[in-house]
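Thanks for coming. I have one structure to go through today, and I will take it region by region. Let me put it up.

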Amino acid sequence: MPLLKRKPFCLIEKLEELNPNELVFQIRFTKEIFRSYNEYLKRINLYRKSVWTCEITGKGNLTYEEALVSEEKAFKKTQKIPTEYVAPVLRDVQFSLLNLKDLVNSIASKFQGPLNEGDEVYGKKDGRLHPCKIVEVVEVADRIQYEIEWLGGGQKMSGNALLNGDELKVKNPPFSKCALKSFIKDSTYRSIPWVLHNHLSKKYGISTIPPEEMKSNISLQNGLIVCSRKRKRSAQVASEKGIIVYVRRNKLSSLLTGKSSDGVNEHTEDQSIKYPVDDLLVQPTVEDRLLTERPSPCRDFNVPMECVGDLLMVWDFCTSFGRLLNLSPFSLEDFENSLCYKDSTPILIVESCSSLLRLLVKDNSKFAMVVENRKRRPKITQLTWIEYLSDFLETISAAEISSHISTIKRGHYALLDIHIKLAIFRELVTHALETETAKERLDEYIEERQALSATRRDEALDEGRKRREERERRKVEAARKGVKEEHKVKYGEGARNGISDAIVLYQSNNSSGNSENEGDNTGKKNAKKQKLQMITTFEDVNNPSKRDIHKLMKNEIKESIEMKSAKERKEFLEREIEKRFIRTSPLGKDRNHCRYWFFRRDGRIFVENSEYTQWGYYQTTEELDALIGSMNTKGERERALKKQLEKFYNKICSQLQTRSSEAVQSDAMEEALVRRSTRVRAPPRENATHLFLKYVNKWKDI
């Protein structure tokens with residue numbers, strides 16, 4: 001099986017009590033089955049990363065499937081060793097102290113067999129192997145040499161020669177060195193000394209008792225042979241007697257207390273650790289006392305906790321793709337209150353469902369065909385949206401929702417449970433993302449973002465080039481000033497004109513040299529451009545490539561920002577990139593794998609636990625500062641998360657301040673309503689807590 005970080009990776013166990021009609025997700029190459037799509041997606045993304053290692057060959061940076069293919073090929077190579085050679089090879093491998101290359105060469109030379117007169121072999125001449133035939137075996141001074149006759153057709157390869165055994169190679173060896181290398185790796189569980197797997201030792205009767213000279217350096221642990229670790233020597237050596245002091249590593253208890261075994265305080269951080277490491281491996285130190293205490297997130301939601309994830313997903317999609325849906329944005333609180341409202345169906349819910357249904361009707365999907373066959377009214381209005389929604393739910397036939405279709409048809413949508421309402425929205429959003437209209441819009445956004453990013457990159461390169469030129473100019477000016485002062489001191493005032501003439505001549509020589517180099521470079525660039533133009537003339541002018549479209553978009557952006565300052569150009573590009581929304585990704589994870597989210601139209605920082613079952617949020621700048629101060633940068637996850645929080649700090653703070661000011665205004669309105677007399681008090685629908693009932697879709701397509 002492929003290795004993850006050089007360690008075995010266990011597959012999940014088979015699910016029990018599976019129903020025949022139950023919908024599950026299966027990974028093709030591992031046959032693993034998942035009930036949850038999130039777990040399936042998490043596992044398949046892990047398999048697609050280039051972090052796997054072939055167990056047999058040791059080749060790394062592979063995906064899981066590539067590692068499986070590599071193991072299969074390597075296993076086939078190991079099967080090429082004849083059966084009669086397996087036991088002798090394993091005996092030579094057991095407890096060998098040679099490295100892999102020398103071990104393979106020694107075994108291969110041993111199994112080439114004795115060379116006899118008349119054998120046709122390959123002989124080495126001028127660094128290359130040529131066919132030859134052994135004429136006679138000659139023994140000279142306790143050394144065997146072979147008189148051979150070259151079998152080549154040319155004059156250079158005619159005649160006889162006297163060669164040593166290492167200069168001859170058998171034509172058809174019993175196995176290749178590559179196959180032998182794979183076989184050795186597959187047959188052992190450790191190297192130097194090489195130790196065979198127990199089942200192979202028992203099968204071929206090979207001793208598992210190490211030689212006497214090795215017993216002092218190796219030991220048994222869990223039935224496997226391991227090398228005994230040497231004690232680390234401290235850098236302190238007694239100056240007079242030369243006594244070496246050995247120091248043991250502190251235990252975790254001494255790390256926590258900050259004292260050694262002798263009760264003396266010492267620096268508890270292991271100097272050999274290179275940070276950042278995995279957050280769970282970070283050991284507590286004295287420096288951690290400087291970290292602030294992490295604030296507890298607020299969990300005050302109106303919807304049930306298990307529905308918060310769907311609530312955020314639906315709201316984020318509707319507000320981010322409002323132009324596509326012709327749906328003006330609304331706050332998360334208004335959407336949450338609308339779902340909880342049971343007196344009637346709020347306009348916000350009606351408009352959101354209607355916008356999603358209109359997008360689905362425009363697409364050539366199964367739902368659009370059903371609407372056409374039932375001859376529904378052409379427009380989805382506040383009176384007909386229930387009919388379209390019922391048709392959609394009957395089309396998808398979701399088991400969780402199908403039992404509530406009759407309630408929706410009777411006009412009692414508001415009486416549905418919150419998790420049913422969100423399940424309906426989830427299905428609408430899922431199908432809306434699969435429409436051709438949404439896919440085309442996403443493709444446009446991706447191309448525009450790429451063009452904007454390329455323009456921003458060019459701006460950064462130009463700024464860097466200008467800074468370098470400015471530094472070079474200052475260096476030249478400083479050099480000129482120094483030369484003038486030096487000549488002034490040495491030759492007096494009369495040499496000033498000669499100095500200036502020399503400097504001008506030096507500059508002109510440099511400029512002419514640079515112009516020549518620039519001319520050569522521009523000539524090469526022009527030749528390359530002409531070659532590209534000749535190639536593109538054969539292409540269809542009416543069907544430009546993506547590169548041409550990208551170049552045109554990039555040029556249009558540069559023309560539009562040409563008259564602006566550098567700061568204005570940078571801000572403009574950032575705003576335009578942010579408008580081309582693709583998807584919302586988490587800012588990062590903390591020590592316990594909790595994910596942190598920041599949505600563009602809500603200033604709060606949302607926290608999701610590692611089991612995806614509990615949510616919370618931070619809503620003040622004080623909580624944000626405390627959260628950033630509690631991040632331990634020695635851990636990989638919290639280091640990256642802190643970097644992202646600091647990157648978006650100004651944006652998050654501005655939105656939090658806007659949110660707090662709106663909350664103060666709403667509280668003031670509530671107090672004003674309370675102070676009014678009953679005779680002039682505002683009607684209930686004008687209450688600040690029911691502002692979501694006043695929602696109007698300003699982007700609606702009339």
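Predicted model: local features only at pLDDT ≥ 70, side-chain atom pairs only at ≥ 80, totals over all residues.

Now the cysteines. How many disulfides does a search of the whole structure find? The count is zero. Take Cys340: it is in no disulfide, and the nearest cysteine sulfur, which belongs to Cys307, is 9.4 Å away. Cys340 is partly exposed, with a relative accessible area of 26%. Cys10 comes out as exposed, at 64% relative accessibility.

Next, helix 21, which spans residues 621-629. Its buried residues are Leu624, Leu627 and Ile628. These cover an arc of only 95° around the axis, which puts them on the same side of helix 21.

Pro297 and Leu627 are 330 residues apart in sequence, yet their C-alpha atoms are 9.8 Å apart in space. Where is Pro297? It lies in the loop between helix 7 and helix 8. Is Pro297 buried or exposed? It is buried, because its relative accessible area is 18% and the cut-off is under 20%. Leaving out residues up to four places away in sequence, Pro297 touches Val607, Gly616, Tyr617 and Tyr618.

That loop also holds Pro276, between helix 7 (252-257) and helix 8 (308-320). The peptide bond joining Tyr275 and Pro276 is cis, with omega about 5°. There is another cis bond to point out, from Ile192 to Pro193, with omega near 0°. Pro193 sits in the loop between strand 11 (188-190) and strand 12 (195-196).

While we are on backbone geometry, two residues have positive phi without being glycine. One is Lys375, where phi is near 55°. Lys375 is in the loop between helix 12 (366-373) and helix 13 (385-396), and it is exposed, with a relative accessible area of 73%. The other is Tyr612, with a phi of about 60°. Tyr612 is found in the loop between strand 19 (602-608) and strand 20 (615-618). At 34% relative accessibility, Tyr612 counts as partly exposed.

On to Arg637, in helix 22 (residues 636-647). Is this arginine buried or exposed? Arg637 counts as buried, at 16% relative accessibility. Which backbone oxygens does its side chain reach? One is that of Asp590, at 3.1 Å; another is that of Arg591, at 2.8 Å. Setting aside neighbours within four places in sequence, the contacts of Arg637 are Asp278, Asp279, Leu280, Lys589, Asp590, Arg591 and His593.

In what order do its five strands run? The order is 9-8-7-6-10, the sheet is open, and the pairing is antiparallel. At the edges are strand 9 (160-164) and strand 10 (168-170), each of which pairs on one side only. From one strand to the next the twist averages 50°.

Within that sheet, how many bridges join strand 6 to strand 7? There are six, between residues 120-125 of strand 6 and residues 128-139 of strand 7, and the two run antiparallel. As one example of this pairing, Glu120 has Lys133 in strand 7 as its bridge partner. In general, strands of a sheet pair through backbone hydrogen bonds, either parallel or antiparallel.

That is the tour. I can go back to any of these regions on the screen.

Terms used. Residues numbered from 1 in each chain as written. Heavy atoms only, no water. Helix = DSSP H or I, 4+ residues; strand = E, 2+ residues; numbered from the N terminus. Buried < 20%, exposed > 50% of the residue type's maximum accessible area, 1.4 Å probe, protein only. Polar contact = N/O pair within 3.5 Å; in protein donor to acceptor, adjacent residues only side chain to side chain. Contact = heavy atoms within 4.5 Å. Pairing = 2+ DSSP bridges. Axes fitted to C-alpha atoms, helices over the stretch in contact; angles between N-to-C directions. Arc of directions from axis to C-beta. Disulfide = S-S within 2.5 Å.
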